[in-house]
Amino acid sequence: MDAESSSSLELPHQCRQFTISEIHSATQNFDYSLVIGRGGFGIVYKGTITNGETHLVAAIKRLDSTSNQGAAEFWNEVQMLSKLRHCHLVSLIGYCNDGQEMILVYEYMPHGTLEDHLHKFQSPLPWVRRLKICIGAARGLDYLHNGTGIKHGIIHRDVKSSNILLDDSWAAKVSDFGLSKLGPINQPSTYVNTFVKGTFGYLDPDYYASGRLTRKSDVYAFGVVLFEVLSGKQAVDSSLDEEHWGLVNWAQESMKEGRLKQIVEYSIRGRILPKCLKDFGRIADRCLHSNPKQRPTMAEVVFCLESILALQEKANHTLQPSGLGIFGNKVSGLLSWSNGEKSGWSKRSLELFFDTIGVGNKILRRFEFGTINVATENFSEDNKISRWGDGFMYKGRLKNGQGVSIARHDFDSRFQDFKILVALLVKLEHENLLQLLGYSVEGTQVFLVYEFSLYESLDRVLFDPEGILLDWNKRKTIILAVARLLLYLHQNDVIHGNVTLGIILLDESFDPKISDFGLVRSLLVDEINCVEVNPIRETFLYITPEVHQSNRVSTKADVYKFGVLILETMTGRNIRRLTRKTVWKDWWEGKSHYIIDHRIHANFSVTARFILIGLLCIAKVANRPTMEEVVAMLTNKNLPIGKLPMPTWIIENDLDDTTDAP
């Protein structure tokens with residue numbers, strides 16, 4: 001629709017016209033800190049629209065004067081979205097047309113775009129969630145093609161992952177209708193002659209060659225999205241070989257050669273039922289057929305994807321996941337059990353849970369509160385040794401002389417998290433993991449009693465100038481022990497979540513035991529590759545960059561924190577006094593001896609190797625090694641690591657670095 005006809009446009013009452021002053025107020029005069037994205041139309045801001053007593057968070061898209069789009073695309077978007085209402089289409093709240101300013105106001109999508117999560121946030125989406133996102137987007141496109149209820153169907157003309165938005169429930173919503181065209185309904189072969197527009201990598205070759213736009217052009221672009229979702233590769237991806245920078249050719253050739261499994265993104269490999277993978281690849285390939293008439297309709301795509309989802313979910317509920325060996329079906333039942341009270345918590349329900357959670361001969365002992373109170377000398381400050389989740393860990397001694405460590409937990413609404421924690425502690429067994437003996441419940445507090453004769457926590461030993469010096473052999477032993485324990489956890493689908501010096505407890509022989517499972521996450525229980533976290537609950541200076549971006553964490557977060565632990569242990573400096581930039585620069589310039597703790601007398605090549613491994617662990621998530629690779633590098637001195645290039649964030653003085661504390 002052109003700008004001249006816009007004055008006669010009749011819009012439904014749901015679409016409101018805003019004044020420029022309202023837009024300025026909502027965006028704080030287009031404050032750059034509120035920018036949440038940018039595209040071909042212009043910059044998108046997060047703003048708050050005020051309507052009387054109502055405040056609504058919105059995405060506000062401002063036309064850029066340098067954009068290839070303009071008034072025609074602006075009014076086309078207003079016309080299209082003001083008439084369309086569907087749960088899988090982004091809703092247009094209103095618009096502003098004031099002089100040179102052309103602004104569109106949409107409902108705000110908290111989880112950003114599909115493109116963000118596939119290529120930018122480095123927070124892998126689980127397979128089932130990917131399927132549901134594809135189904136939502138496909139339903140939205142099917143509605144455009146056949147279900148609008150208006151005289152003509154609509155061809156989107158710019159289907160791509162950056163135009164698929166995700167709401168707070170991860171539901172997909174198709175957006176950006178600036179290039180959309182009306183087309184006759186129920187006539188798939190009928191085309192619209194138009195100038196070729198769209199995004200390279202998603203363009204239908206038939207449309208590009210002939211200028212004939214059909215609904216099957218949207219189907220082609222959606223096929224690209226499907227392979228993008230499966231592989232994690234971009235539509236035009238420089239990581240592919242030089243002959244196949246285009247995702248389509250690479251994916252299609254891989255299928256022809258029977259290598260479909262190899263193109264699946266690493267984070268979801270092994271999570272897809274083979275038949276589901278085969279059917280998903282087949283429907284994606286059909287969408288990309290060179291002959292538009294041979295491509296499926298979006299209705300067929302929806303049906304096929306829904307069938308794949310049903311089969312996958314049935315398999316997830318029927319088959320044992322690969323990591324279930326140490327847990328068994330009993331745990332899942334216990335974790336979902338509740339007595340119907342708020343948060344499922346009461347002293348009785350918790351004691352019943354403890355009494356039934358034991359495995360084999362490992363039954364948890366119920367301690368009287370008076371017993372542990374005496375053991376810790378009324379939980380004296382002298383016996384407080386480290387933070388544990390939201391509480392503290394205390395050392396104590398029972399009347400029979402047995403040394404114990406006791407974690408005090410103040411109860412709140414996270415009862416389910418606590419049950420997961422206890423279930424894992426009962427099932428996991430490792431020489432460097434605190435073994436749970438029993439429990440005690442007193443009022444709203446719960447105490448977990450561990451079998452351990454404690455000397456001190458690692459941070460207190462390492463940073464105490466008057467304490468006992470840890471020599472190189474002790475530090476190396478501690479680093480290796482923690483690495484092997486993390487590998488054990490990851491092999492059993494468990495993320496620790498808070499690996500820091502303060503939660504590593506040392507006995508009289510300086511053998512380490514990891515404590516503080518207050519942030520532990522079970523990939524098995526969540527049935528996904530990465531889980532939601534609350535960064536506020538993490539030790540602030542150890543929060544990984546990807547958590548800042550997405551509040552989601554994977555096993556690579558443990559790797560990152562282990563890297564920080566290595567650097568602190570090797571330098572003898574707390575992270576508050578140590579910056580990643582300083583370490584990288586000194587290593588890069590061959591000055592590792594400046595940062596290594598001078599009190600540990602050891603072969604420089606060995607200690608420098610440990611520094612390098614620590615730096616590898618704190619790299620961007622896509623470049624971090626796994627804990628299996630870390631253990632191999634730490635234990636095999638002949639295993640080549642290679643020399644890393646200096647990160648761009650050092651050269652550019654990037655602010656994502658940890659800053660020095662005063």
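Helices, taken as H or I runs of at least four residues, and strands, taken as E runs of at least two, are DSSP runs numbered from the N terminus. On this basis the protein has 23 helices and 25 strands. The model shown in every view is predicted.

**Figure 1. Overview of the predicted model.** Of the 662 residues of the protein, 55% count as buried. Among contacts with a separation of 6 or more, 66% are made by residues 24 or more positions apart.

**Figure 2. Packing of helix α15 against helix α18.** Two packed helices are described by the angle between their axes and the distance between the axes. Helix α15 spans residues 472-491 and helix α18 spans residues 555-571; they pack at an angle of about 175°, with their axes 11 Å apart. Since angles over 145 degrees count as roughly antiparallel, α15 and α18 are therefore roughly antiparallel to each other. On the α15 side, the contact is formed by W472, R475, I479, V482, A483, L486 and H490, which meet T555, D558, F562, I566, T569 and M570 of α18. By residue class, the contact of α15 with α18 comprises eight nonpolar, three polar and two charged residues.

Figure 3. Strands of a sheet pair through backbone hydrogen bonds, either parallel or antiparallel. Here, three strands in the order β19-β21-β22 form an open sheet with antiparallel pairing. Strands β19 (456-457) and β22 (512-514) are the edge strands, each pairing on one side only. Strand β21 (residues 504-506) runs antiparallel to β22 and is joined to β22 by three bridges. Within this pair, I504 stands opposite I514 of β22. Helix α15 lies across β21 and β22 and runs at about 35° to β22.

**Figure 4. Strand β6 and its two antiparallel partners.** Strand β6 (residues 101-107) is mostly covered, with seven of its seven residues buried. Strand β4 (residues 54-63) pairs with β6 in the antiparallel sense over five bridges. In this pairing, A58 stands opposite E107 of β6. Strand β5 (residues 92-98) also pairs with β6 in the antiparallel sense, over six bridges. The bridge partner of N97 in β6 is M102. Two residues lie between the strands in the hairpin of β5 and β6, where G99 takes a positive phi near 65°.

**Figure 5. Helix α7 and the residues that follow.** Helix α7 covers residues 247-256, and its buried residues include L247, V248, W250, A251, Q252 and S254. The buried residues of α7 pack against α6 (215-231) and α8. Just after α7, G258 takes a positive phi of about 70°. Buried means under 20% relative accessible area and exposed over 50%. R259, with a relative accessible area of 31%, is therefore partly exposed, and E257, at 49% relative accessibility, likewise counts as partly exposed.

Figure 6. Side chains of opposite charge can pair when their charged atoms come close. K275 forms a salt bridge with D279, the closest N and O atoms lying 3.2 Å apart. Both residues belong to helix α8 (residues 274-287) and are four residues apart, about one turn of the helix. The two partners fall in separate accessibility classes: K275 has a relative accessible area of 49% and so is partly exposed, whereas D279 counts as buried because its relative accessibility is 16%.

**Figure 7. A buried salt bridge and a salt-bridge network.** K160 and D158 form a salt bridge in which the closest N and O atoms are 3.7 Å apart. Both K160 and D158 are buried. Elsewhere in the protein, a network of salt bridges links E115, D116 and K120.

Notes: Residues are numbered from 1 along each chain as its sequence is written. This is a predicted model: local features need pLDDT of at least 70, side-chain atom pairs count only at pLDDT 80 or more; totals for chains, interfaces and linings use all residues. Side-chain values use heavy atoms; hydrogens and water are left out. Axes are lines fitted to C-alpha atoms, for helices over the stretch in contact, and angles run from 0 to 180 degrees between N-to-C directions. Angles under 35 degrees count as roughly parallel, over 145 as roughly antiparallel, 65 to 115 as roughly perpendicular and the rest as oblique. Contact means heavy atoms within 4.5 Å. Ala, Val, Leu, Ile, Met, Phe, Trp, Tyr, Cys and Pro count as nonpolar, Asp, Glu, Lys and Arg as charged, and the others, Gly among them, as polar. Two strands pair if DSSP finds at least two bridges between them. A salt bridge is a side-chain nitrogen of Lys or Arg within 4 Å of a carboxyl oxygen of Asp or Glu. Buried means under 20% relative accessible area, exposed over 50%, partly exposed in between (1.4 Å probe, protein chains only).
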